[in-house]
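Please examine the sequence and the model shown below. The paragraphs that follow lead through selected strands, loops and individual residues.

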Amino acid sequence: SLAITINDVSAGVITGNTSVCKGGTETYTVGNIAGATSYIWTLPAGATGTSTTNSIGVTFGTSAVSGNIKVKGHNSGGDGTESTLAITVNDIPSAAGSITGNTTVCKGGTETYTVPAITGATSYVWTLPTGVTGTGSTNSITVTISSSAVNGNIKVKGHNGCGDGAESSLSITVNDPGKNNLTAKGTTGCAGTDVMVTLDVDNGLPFIALQCDLKYPDYLTPKTSQIVLTDRATDHNIQTSLPATNTLRVLAYSLTQQAFKGNSGSVVKIPFTVNSNAVTGSYALELINVTLGNSQSQNILDNSYNGTMVINALPSTAGIITGNTNICQQTTNITYSVPVIAGATSYIWILPTGATGTSTINTIALNYGSGSVSGNLKVKGHNDCGDGGEASLPITVCLSVGIQDESLANKVEVFPNPTKDIFYVKINKPFENDFKVEVCNSFGQVMQRVIKKKGDNKFSVDLTSYPKGIYFITFSNAEAHFNCKIVKQ
């Protein structure tokens, strides 16, 4: 007699971090595989590392994408069944957008500053000028301007477990209280919408007249009929004109020499329309020829400060979605991605019926349950201006390998099983309609699909180019659906 030892070289569970950072290095290990003389590791795109043992060090480059780390044992008899670990590759947050808030402030006051939501950020890091205090880990911060505050920059950057993104900066000017200052207070607007610009006065002394020219950028059109004074007194009047290209002249005065007085605040409200073809960016609002007149016809202006208009637009149209388009039901953690969408602060994914998964970034992992059907996976960028154009990827979902009509079992013969290359199919009782034949691997990916005529009773399927392992063959049409398992040796 001859004793035969059969070694099981099936791989066990891979251990190691499943959420990693670009630029980082991680170690992954699988338990010793009985009978294996070496180990074969397969890594996601952009990840590098080599090993023939049960442990491997992996470096995730800047181009690394989410995917699967796989390992299988090998010996003189061939390769064993592989084990798979899904890896999500993360990046540092996107660059911070423009900070909005008053650029001219007074000692003793409080101000609020905001930055658009930063893609990929789990928290925000704010840096303040000397003498300005405040704390915040969100995209908004309220600060106090102390008596020792000096001019400087307010900065913010996004942070997550992979590090910090590029920061944004806003220069602020700190004034002593009691001075007479005029500021053009800008805002942030979207192409094709209306925005409000105000002329704000910090008046330590009473004044009865304000005159200035406001130079505004291209892409803005003032709505001159809707320019108004803030409610200061009933006898205050306003006149406006357009003396030159992109220049608005404003004259606010008291008919009875009743002074504008009180705390800091808006004197004039000026609505603008942002043209629909506006180019995104930051633009200056420039004050020239400014006068604050008192009852003695003196100009008591101390300083005038220009403002900034930030123009945003809808996100760009989404690019091409990449990922597996042929899926079987009961398949999980299938990753899809779209290139970063210019101008998007978040992403909106629309899933085929029955698929599940959530994401607000440019990648998403989907699960296809028993109720999943073929359809389109869609994505579009979103920001405060709205949604950009969407991209669509058709997904074909095959029926679950776990639900079948057992009455077909006597209709279909598949042989030889196991096979080394080609297997044959014999239909003992012909289908009444054309039918579909699909070959799926053990991960639910459709490897081969063909439509057969109802009279095709005998045919072959070639697995020569496929790796060794378990495959599921599905026969289906409007009548019913049947599948069986094939082992390739």
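Asn289 is found in strand 27 (residues 281-293), where strands, meaning DSSP runs of E with at least two residues, are numbered from the N terminus. The model is a predicted one, in which local features need pLDDT of at least 70 and side-chain atom pairs count only at pLDDT 80 or more, whereas totals for chains, interfaces and linings use all residues. Residues are numbered from 1 along each chain as its sequence is written, and side-chain values use heavy atoms, with hydrogens and water left out.

Most residues other than glycine have a negative phi, and most peptide bonds are trans. Asn289 counts as exposed at 54% relative accessibility; the classes are buried for under 20% relative accessible area, exposed for over 50%, and partly exposed in between, computed with a 1.4 Å probe on protein chains only.

Gln257 also has a positive phi, of about 60 degrees, although it is not a glycine. Gln257 lies in the loop between strand 25 (247-254) and strand 26 (265-274). With a relative accessible area of 52%, Gln257 is exposed.

A further backbone feature concerns a peptide bond. The bond joining Asn417 and Pro418 is cis, with omega about 10 degrees. Pro418 belongs to the loop between strand 38 (412-415) and strand 39 (422-427).

Strands of a sheet pair through backbone hydrogen bonds, either parallel or antiparallel. Here three strands form an open sheet in the order 38-39-42, and the pairing is antiparallel; two strands are taken to pair if DSSP finds at least two bridges between them. Strand 38 and strand 42 (458-462) are the edge strands, each pairing on one side only. From one strand to the next, the twist averages 20 degrees, with axes being lines fitted to C-alpha atoms and angles running from 0 to 180 degrees between N-to-C directions. Strand 38 and strand 39 are joined by four bridges. Phe415 stands opposite Tyr424 in strand 39.

Another set of pairings involves strand 15. Strand 15 (residues 152-160) runs antiparallel to strand 12 (residues 123-127), and five bridges join them. Thr127 has Lys155 of strand 15 as its bridge partner. Strand 15 also pairs with strand 17 (residues 168-175) in the antiparallel sense, over five bridges. In this pairing, Ile154 has Leu170 of strand 17 as its bridge partner. Strand 16 (residues 163-164) is antiparallel to strand 15 and joined to it by two bridges. Asn160 stands opposite Gly163 in strand 16, and two residues lie between strand 15 and strand 16 in the hairpin that they form.

The side chain of Asn181 reaches the backbone nitrogen of Asn303 at 3.2 Å. This is a polar contact, defined as a pair of N or O atoms within 3.5 Å; within protein, one must be able to donate a hydrogen and the other to accept it, and residues adjacent in sequence count only if both atoms are side-chain atoms. Residues up to four places away in sequence not being counted, Asn181 touches Asn175, Asp200, Val201, Asp202, Leu301, Asp302, Asn303 and Tyr305, where contact means heavy atoms within 4.5 Å.
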